[in-house]
Amino acid sequence: MMFSEERNLLLYRTVKQLLDASKKEDKKLNFAAMEDFDGVSYLIHYRVDNADLLKIHVRSPCFADLYKHGAKEELDSIFPGMISTGNDGYDVSIILDLSQLPQIPSKPKNATAEEKDAFKKEKQRLTDEREKVVEEWADKMSKVKVILYGAPIRRAVANLADGKHEAGHLCTIP
């Protein structure tokens, strides 16, 4: 029996690293490409055209079937407003607007001790909130293949639960 992690750990770590770097204006890593053992490919662009965006492009050998059988709806529900048609030979793109992350303010100059204390507390609150959002985004992105490949199954189970057990089209997943 083979156990497969629900999320792609390499994809998770790469996305998390890029999202963490976005708060430091770090531009050392702005591109990554990877491929799973089953032919699913990912291309990640960071700060595309100097915009505050992180784009993850996904290509799957059976994307057309997956899309017809519920993947589009799954992606739209999990990544609302973030889905775009793929480019450069990729099937779909997920676009994160990094300006939506909580922004950490700069330390105020000439502040009183009370103002410095209030700033420190607010900075910690925003840092914690940002880390939570980064973790959530990285986790979702790392599960994109599970979302795609599980969509036809989830749709079929939902149809059965609704009493719609009519014969449907086959979806071949390699």
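1. Helix axes here are lines fitted to C-alpha atoms over the stretch in contact, and angles run from 0 to 180 degrees between N-to-C directions. With that convention, H2 and H4 pack at an angle of about 105 degrees. Their axes lie 8 Å apart. Angles of 65 to 115 degrees count as roughly perpendicular, so H2 is roughly perpendicular to H4. On the H2 side, the contact includes Phe63, Leu66, Ala71, Leu75 and Ile78.

2. The chain averages a pLDDT of 83. Of the residues, 83% score at least 70. By element, the mean pLDDT is lowest in H1, at 82, and highest in S5, at 91. Where pLDDT is low, the predicted coordinates should not be read in detail.

3. Now the core. The largest nonpolar core holds 35 residues. Val15, Leu19, Ile44, Leu54, Val58 and Leu148 have the most contacts inside it. Helices H1 (9–22), H2 (63–78), H3 (113–142) and H4 (144–161) each give two or more residues to this core. So do strands S1 (31–35), S2 (41–46), S3 (53–59) and S5 (92–97). In soluble globular proteins, nonpolar side chains tend to be buried together.

4. Leu148 deserves a look of its own. Leaving aside residues up to four places away in sequence, Leu148 touches Val58, Phe63, Leu66, Ala71 and Leu75.

5. S3 and S5 run antiparallel and are joined by six bridges. Ile56 stands opposite Ile94 of S5. Strand S4 (residues 83–85) also runs antiparallel to S5, with three bridges between them. Thr85 has Val92 in S5 as its bridge partner.

6. Which residue in the hairpin of S4 and S5 takes a positive phi? It is Asp88, with a value near 55 degrees. The hairpin has six residues between its strands.

7. Asn110 is not a glycine, yet its phi is positive, at about 55 degrees. Is Asn110 buried or exposed? Its relative accessible area is 80%. The cut-off for exposed is over 50%, so Asn110 counts as exposed.

Note on methods:
Residues are numbered from 1 along each chain as its sequence is written. Side-chain values use heavy atoms; hydrogens and water are left out. A nonpolar core is a set of buried Ala, Val, Leu, Ile, Met, Phe, Trp, Tyr and Cys residues joined through side-chain atoms within 4.5 Å. Buried means under 20% relative accessible area, exposed over 50%, partly exposed in between (1.4 Å probe, protein chains only). Helices (H or I, at least four residues) and strands (E, at least two) are DSSP runs, numbered from the N terminus. Contact means heavy atoms within 4.5 Å. pLDDT is the predictor's confidence in each residue, from 0 to 100. Two strands pair if DSSP finds at least two bridges between them. Angles under 35 degrees count as roughly parallel, over 145 as roughly antiparallel, 65 to 115 as roughly perpendicular and the rest as oblique.
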